[in-house]
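Here is a short report on aromatic ring contacts. Keep the structure in view while reading.

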Amino acid sequence: MFATLTQIGLPLALILIMTGVGMSLRPSNFRDVLRAPKAFFVGTAAQLLLLPAIAVLLISLFGLQAELAVGLFILALCPGGTTSNLYSYLCKADVGLSVSLTAIVGFITPFTLPLLAAWAINFYLGENTAFELPLVRTWLTLMIVSVIPVLLGMLIRAKWPNFAHRAQPIISRFSVLVLAALIISIAVDLGDDFWHYMLLSGPAALTLNIITMAAGYLLGRYLLHNEQQARTICLEVGLQNGTLALLITTGILHNTAMSIAPSSYSILMFFTASLFTWWVLKRQRPLKDSSL
């Protein structure tokens, strides 16, 4: 059951999820990036550079070792997902910027993730480890489950915009269900060790989530001077595509222990994102009331 889910169900689910990202894209999203590229570059730098760097620091500070360290680092290499787009809408952020960052960083990830994940395996497990990330296979897998579906989703939106509009919220809910099913399957597969690993990796995962969300928000506020864009970057950096991380750890590397940190992060990020959404909307309401 677990092998079937990770080898067949997980890639198919990711293809559907990333098709949903493509269906939310409009040509105007890319024009907006070209007209005002600063927000896009700040968000991309925070996602591709700041997040992995903070992950390495926290792995060292919390003393994570072996598979737990590799798993958290792989999670930090993943782009945002449909969840970040949904929360950007809920907290009245810049949804166009959110979707653009999710899609374009998703185009870059197939080239960065395999190389950096291979480095992490050698660094945290040692050069003589039996685990080896097949670079070409990983690259092809990421292209098939992320880049091509986004392009397909854009085509569907262009041909059938009404269908794309109706399908997007369904796909967002589906992505949450897939992630929950995966985490439950990992817990069953690991048995009693699951909670032991969760206690070890949970504090580091929560700290990574909080620090990166705060850093993303502050970067947006002080570099862009735009509240909506600051909210977007906060969520894009803080809400990772945990499903993609689990595809790498369970589907390609076949190591459930590596999946613990991405699993704990994926659970915790919903709570922190919900708290952030509540906080920004609460702050916004008194401002509106005072202007009446």
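## A buried ring

Phe-276 is buried, at 9% relative accessibility. Buried means under 20% relative accessible area, exposed over 50%, and partly exposed in between (1.4 Å probe, protein chains only).

## Basis

This is a predicted model: local features need pLDDT of at least 70, side-chain atom pairs count only at pLDDT 80 or more, and totals for chains, interfaces and linings use all residues. Residues are numbered from 1 along each chain as its sequence is written, and side-chain values use heavy atoms, with hydrogens and water left out.

## Aromatic pairs

Rings of Phe, Tyr and Trp (its six-membered ring) pair if their centres lie within 6.5 Å; planes under 30 degrees apart are stacked, over 60 edge-to-face, and the rest tilted. The count by this rule is nine aromatic pairs.

Tyr-217 and Trp-279 make an edge-to-face pair. Their centres are 5.8 Å apart, with 70° between the planes. This pair links distant parts of the chain, 62 residues apart. Tyr-217 sits in helix H9 (residues 193-224) and Trp-279 in helix H12 (residues 260-290). Helices are DSSP runs (H or I, at least four residues), numbered from the N terminus.

Tyr-217 is buried, at 8% relative accessible area. Trp-279 is partly exposed, at 37%.

## Within helix H12

Trp-279 also pairs with Phe-276. The ring centres lie 6.2 Å apart and the planes meet at 45°, so this pair is tilted. Both residues lie in helix H12, three residues apart, about one turn of the helix.

## A cluster

Phe-73, Trp-119, Phe-123 and Tyr-124 form one aromatic cluster.

How values were computed:
Helix = DSSP H or I, 4+ residues; strand = E, 2+ residues; numbered from the N terminus.
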